[in-house]
Amino acid sequence: LHYIPSKKAILAGEKQLHSTTHIVTEQLDAGPILLISKPLNVELPVSLDELKNNEKLLDEIAVRHQEKLKEIGDWQIFPLTLHWIAEGRFTMNNSNNVFLDGTKLDKGYRL
């Protein structure tokens, strides 16, 4: 089965998932964060311990969460990020600090 980003978060016991947009760097998902989506609550039909022992069910749940996260997260923040970049609302200084409308973003802007 292919890589499912939400699977790692679910296994780590995260209660909510978010989508993020960030500045691309050489390391995967390591660049400064621009926007953070509204949260998606993790809903498990069985305990986390049961999921850890049932790879098929874990994958099904992770895929379901990933698809929902695309709807409420990715599809909302990706166009907004591009729009704000086009408007010049995001800036970055020589120290790789990101600013939105002149205000420093330490960990991205939460919607």
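Three strands make up an open sheet with mixed pairing, in the order β2-β3-β8. The edges are taken by β2, residues 20–22, and β8, residues 109–110; each has a single partner strand, so one side of each has no neighbour in the sheet. Keep in mind that this is a predicted model.

Now the pairing of β3 with β8. Strand β3 covers residues 33–36 and runs parallel to β8, joined to it by two bridges. Opposite I36 we find R110 of β8.

Next, the helix. α3 spans residues 55–86 and lies across β2, β3 and β8, at about 135 degrees to β3. The helix has a kink of about 45 degrees, centred on K70. Its buried residues include L58, I61, A62, H65, L69, G73, I77 and W84. After α3 comes G88, with a positive phi near 80 degrees.

That brings me to the aromatic residues. There are two aromatic pairs in the structure. In one, W84 and F90 have ring centres 6.1 Å apart and planes at 50 degrees, so this pair is tilted. Both W84 and F90 are buried. In the other, the centres of W84 and Y109 are 5.9 Å apart with planes at 65 degrees, so this pair is edge-to-face. It connects distant parts of the chain, since W84 sits in helix α3 and Y109 in strand β8, 25 residues apart.

On accessibility, W84 counts as buried at 10%, while Y109 is partly exposed at 36%. W84, F90 and Y109 together form one aromatic cluster. Finally, R89 lies over the face of W84, 4.2 Å from the ring centre.

How values were computed
Residues are numbered from 1 along each chain as its sequence is written. This is a predicted model: local features need pLDDT of at least 70, side-chain atom pairs count only at pLDDT 80 or more; totals for chains, interfaces and linings use all residues. Side-chain values use heavy atoms; hydrogens and water are left out. Two strands pair if DSSP finds at least two bridges between them. Helices (H or I, at least four residues) and strands (E, at least two) are DSSP runs, numbered from the N terminus. Contact means heavy atoms within 4.5 Å. Axes are lines fitted to C-alpha atoms, for helices over the stretch in contact, and angles run from 0 to 180 degrees between N-to-C directions. The bend at a residue is the angle between axes fitted to the seven residues ending there and the seven starting there. Buried means under 20% relative accessible area, exposed over 50%, partly exposed in between (1.4 Å probe, protein chains only). Rings of Phe, Tyr and Trp (its six-membered ring) pair if their centres lie within 6.5 Å; planes under 30 degrees apart count as stacked, over 60 as edge-to-face and the rest as tilted. A charge sits over a ring if NZ of Lys or CZ of Arg is within 6 Å of the ring centre and within 35 degrees of the ring normal.
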